[in-house]
Amino acid sequence: MSAGRKAGVVIVGGGHAGGRVAERLRHGGFVGPIDVVGAETELPYERPPLSKGVLTSAGVPANAYLLSPARWNEIGVRFHLGAEAIGIDRREKAVSLADGASLSYRKLVLATGLSPRRILSLEPVAARTLYLRSFADALMLRSRIVRGARVVLVGAGLIGLEVAASAVKLGAAVTVLEAAERPLSRLLPPYLSQWLAELHERAGVRILCGRQVVSSEVLGTAGRLHLDDRKILEADLVLVGIGGTPNDRIGGNAGLHVDNGIVVNEFGQTNDPDIFAAGDVAAHENRVFGQRWRLESWKNAEDQAAVVASYLCGNPSPYSEVPWFWTDQYDLNVQVAGMPGAREPAFERGKPGDRSYLAYFMAGGRLIGAIGIGCGRDIRIAREMIKAGGRPDGAELVRKGFTRFCDEVDRQAS
């Protein structure tokens, strides 16, 4: 910290959540110094376009910055880019950086995000293996997905399937490997996983579920992947998208409570009252569902940043948001609100193959989840219903064009 500059808020992590905390602090009236430490050399940006627009745009892709450099200067946020925070001294209230510098803080926010999970069996073909986390990663991926390229995507989650849709559109030969028995098994119920798999297969994507890479080797200019069912795949490019591990070591080393992320309360506060966490790294208390979890999503970064900034500005507002995920694949937009799980829908309007489809999922007569295809407004309404503990009236839904899919509501009422 430069001489004479008083301590303010230091934010470790220059991604989406960290950037939003800084911006919202200023909008909330915070007038002290704000320092953001970011490992990347880029200013804060949104990551959803990395697996879609950045790969398929006709021209040179642009980064989706939260704010322009000029605007950051206007609101007085100081960035330390390309810098690594390596330690926290809670007694002295200081963050040490890898270059030997130190930043004093009054309040500290950890928005350190994730590191992509890696697969050891792919190390022999590391030169042909990519992990998508940053804008630089997306540019590298874009340069290597060309017409006719054999692309293997490991992981049929949101990243893997979005890149699959982008890559097949660009003329690549695409194979998706998934260790689980179906795509997006943690987000979608079985019948929608099947619909999504069929959608990809019709577009020319090959999906192999229940398979893993057990070894790999270089074969000329390509890589050869050996699967656990003895199948062999040849790939010009391999992309691994199997989720990430929270970058919580800096918090754990400082004595913060860590359990699959940095544990925070409903205000984003850790067991140290002067240290907060937000975004992918934060294991938070969700008041709507009454449990602690860690969410990796655009909306969670937005919501937790707002909660932390409000608290630091003296206007505490507990986190009480409903999880929301969305994905664009081909010309379809799929949105998930709440936590539907693997259960069957209680009511549905239309069928998954329709241009507009909506399903409600119930537990104990209460709406706990909704999935929509091409109906964003309906999902916004469903999110509010879930947040309010809504109990939809079955007869009214039928009058609005829904079909009772299972008798969960009747069982609960009897």
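Guide: Happy to! Let us start with Glu348 and Lys351, whose side chains meet in a salt bridge with N and O 3.1 Å apart. A salt bridge here is a side-chain nitrogen of Lys or Arg within 4 Å of a carboxyl oxygen of Asp or Glu. Glu348 is buried at 3% relative accessibility, whereas Lys351 is partly exposed at 48%. Buried means under 20% relative accessible area, exposed over 50%, and partly exposed in between, with a 1.4 Å probe and protein chains only.

A word on the source: this is a predicted model, in which local features need pLDDT of at least 70 and side-chain atom pairs count only at pLDDT 80 or more, while totals for chains, interfaces and linings use all residues. Residues are numbered from 1 along each chain as its sequence is written, and side-chain values use heavy atoms, leaving out hydrogens and water.

The structure holds 28 salt bridges. Another of them joins Arg71 and Glu74, at 2.8 Å from N to O. Both residues lie in helix H3 (residues 69-74), 3 residues apart, about one turn of the helix; helices (H or I, at least four residues) and strands (E, at least two) are DSSP runs, numbered from the N terminus. Arg71 is partly exposed at 32%, and Glu74 is exposed at 60%.

Next come Asp274 and Lys93, with their closest N and O atoms 3.2 Å apart in a salt bridge. This pair links distant parts of the chain, 181 residues apart: Asp274 is in the loop between strands E17 (262-263) and E18 (275-277), and Lys93 in the loop between strands E4 (85-89) and E5 (94-97).

Finally, Arg20, Glu23, Arg24, Glu46 and Glu302 are linked in a salt-bridge network.
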